[in-house]
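Biologist: I'd like to learn how to read a few features off a model. Can we go through them one at a time?

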Amino acid sequence: MSLKKIAEMTGLSIATVSHALNGTRAVSEDSREKVLSAAKVVGYRPNMAARMLRTQKSNTIAIIIPSDTNNMNANYFYMDVIMGVRKKMFETQYELIVSTYDPHGGVQQSLPSAQVLRQHWVDGVIVVPSSHSQRQIRSIREMGLPYVLMDRRSDDESSCVTSNNKKGVADAVRLFAACGKRRIGFIGGIGSATGQQRYAGYLEALAELNMPADEALILLSPSYSLARGEECAVRLMETGADAILAADNVMVMGALRALKAAGARIPEDIGIIGFDDYDWMGMVSPPLTTVRQQAFQMGYIVAEVLMRKLGGIKTNEVIVLDTSLVVRQSHGW
């Protein structure tokens, strides 16, 4: 339907209808409501290509997150993040494109939206860097797009919003120690800055507590899956671990399944602490102690930082959100 039809329905000029639909000039609230109501009746859809040619803006941003077929359940965290981003987008009248990449693929697979980015169909990008982060970020820079890193810090030249992963894990190790646990196993990831920070927090807390870092109790993996969590938990039980810190929400599900299958009493025989906090963690028996990140807030704040970039702020911002321990019953007595 054309603007002319809406103008005829509302008794307003085509110019006023155009300004009301595109926000290119202020119109009265009464006129705006008439236009929007008529546009809804006729099913009017704005010509986004024409708008972009006129304004040189798409009012759309992209968020690029890791995901693969072996990691389908790992995006609980990113779903909460996306909801935070969407809230800010709604407030600023921006649209959001969500794209994923295989974190274990090559650099060519780490920017699945490259064509969209090159054509400037988005105004800016939020990206969770891959293990190819430097090349990934360099590609975005070469496209001339404002961007903000999320969840993982890659360099000192990029704005970033992340969690204090090291502190979160260290706090969990200290809690185990306070309950008398001495053989604390660690299930974590390698390859990403986040995984490295969590592992560093584990080692830092052990050193602080004068506890040895036993290699048999440290199981690192390039990918997160239920099966891998189960496998790691079985190995840790065989080494005599009296506690397991699973630094990923999918791995902890696998670890719990292995402990239940083995008939291990939690936390009497073996304590367990997870990472991230979801409703199911309070419903299992015993309720799971875990490290909580501010996922929704991370999404909202990273979108705020990108909006400031789009507004012309060139200074890089590094924002580290605190974590907190959600103390339930699975860690020990």
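Biologist: How are helix 1 and helix 3 oriented to each other?

Modeller: Before that, two ground rules: this is a predicted model, where local features need pLDDT of at least 70, side-chain atom pairs count only at pLDDT 80 or more, and totals for chains, interfaces and linings use all residues. Residues are numbered from 1 along each chain as its sequence is written, and side-chain values use heavy atoms, leaving out hydrogens and water.
Now, two packed helices are described by the angle between their axes and the distance between the axes. Here helix 1 (residues 3-10) and helix 3 (residues 29-42) pack at about 120°, with axes 9 Å apart. Helices (H or I, at least four residues) and strands (E, at least two) are DSSP runs, numbered from the N terminus; axes are lines fitted to C-alpha atoms, over the stretch in contact for helices, and angles run from 0 to 180 degrees between N-to-C directions. So helix 1 and helix 3 are oblique to each other (under 35 degrees is roughly parallel, over 145 roughly antiparallel, 65 to 115 roughly perpendicular, the rest oblique).

Biologist: Which residues of helix 1 and helix 3 make the contact?

Modeller: Helix 1 brings Lys-5, Ile-6, Met-9 and Thr-10, and helix 3 brings Lys-34, Val-35, Ala-38, Ala-39, Val-41 and Val-42 (contact means heavy atoms within 4.5 Å).

Biologist: At what angle do the axes of helix 8 and helix 9 cross?

Modeller: At roughly 40°, and the axes of helix 8 (residues 165-178) and helix 9 come within 7 Å. That makes helix 8 oblique to helix 9. On the helix 8 side the contact includes Val-169, Ala-170 and Val-173, while helix 9 contributes, among others, Arg-198, Gly-201 and Tyr-202.

Biologist: How many aromatic pairs does the structure hold?

Modeller: Four. Take Phe-77 and Tyr-78: their ring centres are 5.1 Å apart and their planes sit at 70°, so the pair is edge-to-face. The cut-offs for rings of Phe, Tyr and Trp (its six-membered ring) are centres within 6.5 Å, with planes under 30 degrees apart stacked, over 60 edge-to-face and the rest tilted. Phe-77 is buried at 5% relative accessible area, and Tyr-78 is buried too, at 6% (buried is under 20%, exposed over 50%, partly exposed in between, with a 1.4 Å probe and protein chains only). Ring pairs also join Phe-186, Tyr-199 and Tyr-202 into a cluster.

Biologist: Where does Gln-93 lie?

Modeller: In the loop between helix 5 (76-92) and strand 2 (95-101). Gln-93 has a positive phi of about 60° though it is not a glycine, and at 62% relative accessibility it counts as exposed. Asn-210 also has a positive phi of about 60° and is exposed, at 71%; look for Asn-210 in the loop between helix 9 (193-208) and strand 7 (218-221).
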